[in-house]
Amino acid sequence: MKTKGRPVKSLMYVPPDGKEPVPKMKDIEFFKHQRLIVLRNRGRIDPERIDDYIAYDGYAALARALTEMTPEGIIAEVSAAGLRGRGGAGFPTGAKWAVCRRAPGTPRYLVCNGDEGDPGAFMDRSVLETDPHAVIEGMVIGAKAVGAAKGFLYIRNEYPLALACMETAIGQAREYGLLGTDILGTGFDFDVEVVRGAGAFVSGEETALLASIEGGRAYPRQRPPYPAERGLWGKPTVINNVETWANVPSIIRRGAAWFAGLGTATSKGTKIFSLVGKINNTGLVEVPMGISLREIVYGIGGGIPGGRDFKAVQIGGPSGGCIPKALLDLPVDYESLKSAGGMMGSGGMIVMDEDTCMVDIALYFLRFAGEESCGKCTPCRIGTREMARVLARITKGDGTGDDLIKLESLAPTVKQGSLCGLGQTAPNPVLTTLRYFRDEYEAHIFDKRCPALVCKDLIAFAIDPAACVGCFLCKKACPTGAISGEAGKVHVIDAKACIKCGICLNVCPPKVRAVRKTTPAIAGAAGSPTSSTRAAASPKTGEGR
Amino acid sequence: MHPSKSELEALTEKSKGQKRALIQVLQDIQDRIHWLPAKALEHVARTLGVPLVQVYGVATFYKSFSLEPRGRHVCTVCLGTACHVRGGQALLEHFERKLGIAAGRTTPDGKFTLERVNCLGACALAPLAVIDGHYYGRMSEAKADSVLAGVRKDGDP
């Protein structure tokens, strides 16, 4: 093929507000502030070709670890780097490996936790799909460190492509003598097996995951003993998250000092966040620990779409919390997030704007926790459901002042009375929203209104007669036939027939914007269409989602 | 669809006596016929040497297993957090109205099953729906209508 060496302008990225294309990735606002270590090969190599990975220094760390380093040396390097578990809790990886190495009993096992169940997080999927060999390489190095001969890669069933990519990569690694017996002729044996999850959020908890690998229900168990002492089939087992394993090769290749130079005093290296929700630039971002939320949301993320106002960012999935605007300058590291009532979790970062109701979000997470509770501990099984019931009552406008006290007293019971992380952290979304957005709870309870105009029982839909052009679009789309009107004349919504699905709002052309969400004049009763239309002129109106 | 005895034997034979293989064996059967009939569970219990109560326990614990026959077309609506804040719930309710069934159910003619999932990890595409294995990002009610109409017209696979 003949190349002319000219940049192809038509393929370049053009910023939404700019006219000139940006030729280099490192100059694009979204990538400029990122530091790619774990995601360094994403989009650069063909994940189905091991040669591509090797061409970018792949398996060099493995060779170094197997030929030049002692197990103690590897553990010392990972400890000195300050690598902490990327699955959420942030336990020091080197310390975990050292415990496993010292623990009596053989064989020892390694597990890669790829059961990325946190809604809103998908960095593990991306690593498994775009750089599978980095995970394998990390595991072989870990195996040498702890003296394991067998590893398991537990990947959730909802990730079919990740499962396929890992199977392919493992096959290639075996073919090249990088997995199996006598790796690189060093006499070291290690092999991995892919285990497919079956759809249970709790199986991401380490002891539950081990129970699942053993073929049973994913029930967590009491710790200690920790898996590093007694894990799979009662044998010492190191279990680390996908992102943790994928960090290991870079640490061994470039040295602990380099890695420890990134991040903060206690949180080293980078962390991948999935920046999603009400944000202009969505996607995975890998940033050094300690970067502020503001830099992520406004620098990398490019702010909130449609000129809406930032309200909160939800971090850490169902275990995490909602961080408000006032804390936008919070540095993102394990300790700071914990002090704000949240948690690093797996790194989901869901941005919420003024059209997101915080009570509804709390309810969403508590329902999630209630459904996903395995049922072993009563405070988790019953407590999360009871909390969800109270929250549902509040969103319906039936809450009382006592409900807030009830939520606040149930939360510590659920936290303290649960065996595993699911129950211990399930109340966090409620506690953080109560802490930072109490006014929204109070508006639902005392004023019977939803400030974000989300909770169906507290809102009404109406058509602004001044804006309506009578185009029929909403009338045609309405699933219950609640909209009447003639061509060219103002349409009217029958509040009694309206099920508040919001389709009329979505189909109303952006130029017209005649459909409005409003707070009904009298709570509970939507009132006549004209009266709610008038209410549209009041300050509490909203458009769009 | 019920699996024949020889089919069940083929799917379970390699795991004979291996208690650890329980989940994987159930998944193989589920992949093949899209549900787990009682007969299949009994066969698995006998072959693997696992008590039937334990097989049922596992089959009912994990969400990827179905003890009822599923429809020929499967619609899955994602309700992860990103999808939730971008209108996933309204989308699910739209599917419920269009198909006339609640989430988790199958239409009486066996044509459609509607499911909800807690996150498919494609949050940048929220709200997301998967229909017969195809991922539809930035899904809207109008888009859902046209996809469903297409599936209906295509008839059965």
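Predicted model: local features only at pLDDT ≥ 70, side-chain atom pairs only at ≥ 80, totals over all residues.
**View 1. Chain A as a whole.**
Let's begin with chain A, which has 22 helices and 15 strands. Its radius of gyration is 26 Å, close to the 24 Å that the globule rule gives for 545 residues, so chain A is as compact as a globular protein of that length. Along the principal axes, the C-alpha atoms of chain A fill a box of roughly 80 × 70 × 40 Å. Of the 545 residues in chain A, 54% are buried. If you take the contacts in chain A between residues at least 6 apart in sequence, 70% of them join residues at least 24 apart.

**View 2. A mixed five-stranded sheet in chain A.**
Here you can follow an open sheet of five strands of chain A, in the order S3-S4-S2-S1-S5, with mixed pairing. Strand S3 (180-183) and strand S5 (237-241) of chain A stand at the edges with a single partner strand each, so one side of each has no neighbour in the sheet. From one strand to the next, the twist averages 25 degrees. Look for Gly180(A), which stands opposite Phe190(A) in S4(A). Helix H10(A) packs on this sheet and touches strand S1 (108-114) and S5 of chain A. The direction of H10(A) makes about 95 degrees with that of S5(A).

**View 3. Helices H4 and H10 of chain A crossing.**
Staying with H10(A), this view shows helix H4 (residues 71-81) of chain A packing with helix H10 (residues 242-254) of chain A. The angle is about 100 degrees and the axes are 10 Å apart. Since angles of 65 to 115 degrees count as roughly perpendicular, that is the term for H4(A) and H10(A). On the H4(A) side, the contact is made by Glu77(A), Val78(A) and Ala81(A). Val248(A), Ile251(A) and Ile252(A) contribute from H10(A). By residue class, the contact of H4(A) with H10(A) has five nonpolar, no polar and one charged.

**View 4. Strand S10 of chain A and its two partners.**
Six of the six residues of S10(A) are buried, so this strand is largely enclosed by the rest of the structure. Gly348(A), Ile350(A) and Met352(A) point one way from S10(A), while Met349(A), Val351(A) and Asp353(A) point the other way. S10(A) pairs with S6(A) in the parallel sense over four bridges, and Leu275(A) stands opposite Met349(A) in S10(A). Strand S8 (residues 310-315) of chain A runs antiparallel to S10(A), joined by five bridges. There, Phe310(A) stands opposite Asp353(A) in S10(A).

**View 5. Where chain A meets chain B.**
At this interface, 38 residues of chain A are in contact with 35 residues of chain B. On the chain A side, the elements giving two or more residues are strand S6 (270-277), strand S10 (348-353), helix H14 (358-372) and helix H21 (503-507). The chain A residues that touch chain B comprise 15 nonpolar, 15 polar and eight charged.

**View 6. Chain B as a whole.**
Reading from the N terminus, its elements run α-α-α-α-β-α-α-β-β-β-α. The C-alpha atoms of chain B fill a box of roughly 50 × 35 × 20 Å along the principal axes. Buried residues account for 40% of the 157 residues in chain B.

Four strands of chain B form an open sheet in the order S2-S1-S3-S4, with mixed pairing. The edge strands are S2 (112-117) and S4 (134-136) of chain B, and each pairs on one side only. Neighbouring strands are turned by 20 degrees against each other on average, direction ignored. Strand S3 (residues 129-131) of chain B pairs with S4(B) in the antiparallel sense over three bridges; here, Ala129(B) has Tyr136(B) as its bridge partner. Helix H6 (residues 88-99) of chain B packs on the sheet, touching strand S1 (73-78), S2 and S3 of chain B. The direction of H6(B) makes about 155 degrees with that of S1(B). Helix H7 (residues 141-154) of chain B also packs on the sheet, touching S1, S3 and S4 of chain B. For H7(B), the direction makes about 10 degrees with that of S3(B).

How values were computed: Residues numbered from 1 in each chain as written. Chains lettered and ligands numbered in written order. Contact = placed C-beta atoms within 7 Å. Nonpolar A, V, L, I, M, F, W, Y, C, P; charged D, E, K, R; others polar. Pairing = 2+ DSSP bridges. Axes fitted to C-alpha atoms, helices over the stretch in contact; angles between N-to-C directions. Buried ≥ 20, exposed ≤ 12 C-beta atoms within 10 Å, placed from the backbone. Rg over C-alpha atoms; globule rule 2.2 N^0.38 Å. Parallel < 35°, antiparallel > 145°, perpendicular 65-115°, else oblique.
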